[in-house]
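I opened a new notebook page for this structure. My entries below follow the order in which I looked things up.

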Amino acid sequence: MISDGASGAALSTERAEAVLFEEAARLDARAFDAWLELFTDDAIYWLPMGVEDPAREPSLIFDDRARMEERVFRLMDTAAHAQLPPSRTQHDITNVRVVETTADWARVACHLVVHEVRIGDPSQVGLGDVRSFPGRCEYVLRHGAEGQWLIAEKTVRLLARELPQYNLTFIV
């Protein structure tokens, strides 16, 4: 767990990078239960399609904490055909900026490219092709009970979010 050692410390760019890099490492290792530990109990994970209001527009993904846990359960404990074989991912994070911070929370922005492949017979649709999903992320981080920084909101605006997205069953 990423900790500053004491609650009340404003977030530095280095600490923000540590949180985001840890999240990426856990996703790429398919350590999804450990990934969930990085989020607050009231967390939101959102991939908007266009307009910035999930109440008025459909989203690619709009998960609260319960839906995030359900997503992990489906990936790890059910036979999801869209994840047979499972995706291998590489999350590349750059341009991390602490946009705003107080002693209790921070808004962080970064660029993200997720590379994804499902290994298998390339003559079968969806297998053997490396796909890339570039986008811009915004995080809201808050101090947890033990002083660690936790993710309260993760918003990923894919550059091609208005276009059809084939099989987004992995975690972006």
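Predicted model: local features only at pLDDT ≥ 70, side-chain atom pairs only at ≥ 80, totals over all residues.

**Entry 1: strand pairs**

Residues are numbered from 1 along each chain as its sequence is written, and side-chain values use heavy atoms, with hydrogens and water left out.

I looked up what the element names stand for: helices (H or I, at least four residues) and strands (E, at least two) are DSSP runs, numbered from the N terminus. Two strands pair if DSSP finds at least two bridges between them.

Strand E4 (residues 105-117) pairs with strand E5 (residues 131-143) over 12 bridges, in the antiparallel sense. In E5, I found Phe133 as the bridge partner of Val114.

I moved on to E5 and E6, which are also antiparallel, with 9 bridges. Glu138 has Thr155 as its bridge partner in E6. The hairpin of E5 and E6 has 5 residues between the strands, and Gly147 takes a positive phi near 90 degrees there.

**Entry 2: the sheet and its helices**

I traced the order of the open sheet of 6 strands as E2-E1-E6-E5-E4-E3, with mixed pairing. Strand E2 (59-64) and strand E3 (88-101) are the edge strands, each pairing on one side only.

For angles, I used axes that are lines fitted to C-alpha atoms, for helices over the stretch in contact (heavy atoms within 4.5 Å). The angles run from 0 to 180 degrees between N-to-C directions.

I found helix H3 (residues 65-77) lying across E1 and E2, at about 105 degrees to E2.

**Entry 3: the cavity**

I searched the whole structure and found 1 cavity of 30 Å³ or more. A cavity is a set of points on a 1 Å grid over the protein atoms alone where a 1.4 Å probe fits but cannot get out; lining residues have an atom within 4 Å of a point. Grid points are joined across faces, edges and corners, and a volume is the space filled by probe spheres set on the points.

The largest cavity has a volume of about 50 Å³. Its lining includes Leu27, Arg30, Phe32 and His91.

**Entry 4: confidence**

I checked pLDDT, the predictor's confidence in each residue, from 0 to 100. The chain averages 91, and 95% of the residues score at least 70.

Terms used:
1 Å grid on protein atoms, 1.4 Å probe; cavity = no way out; pocket = protein on both sides within 12 Å on 5 of 7 lines; lining within 4 Å.
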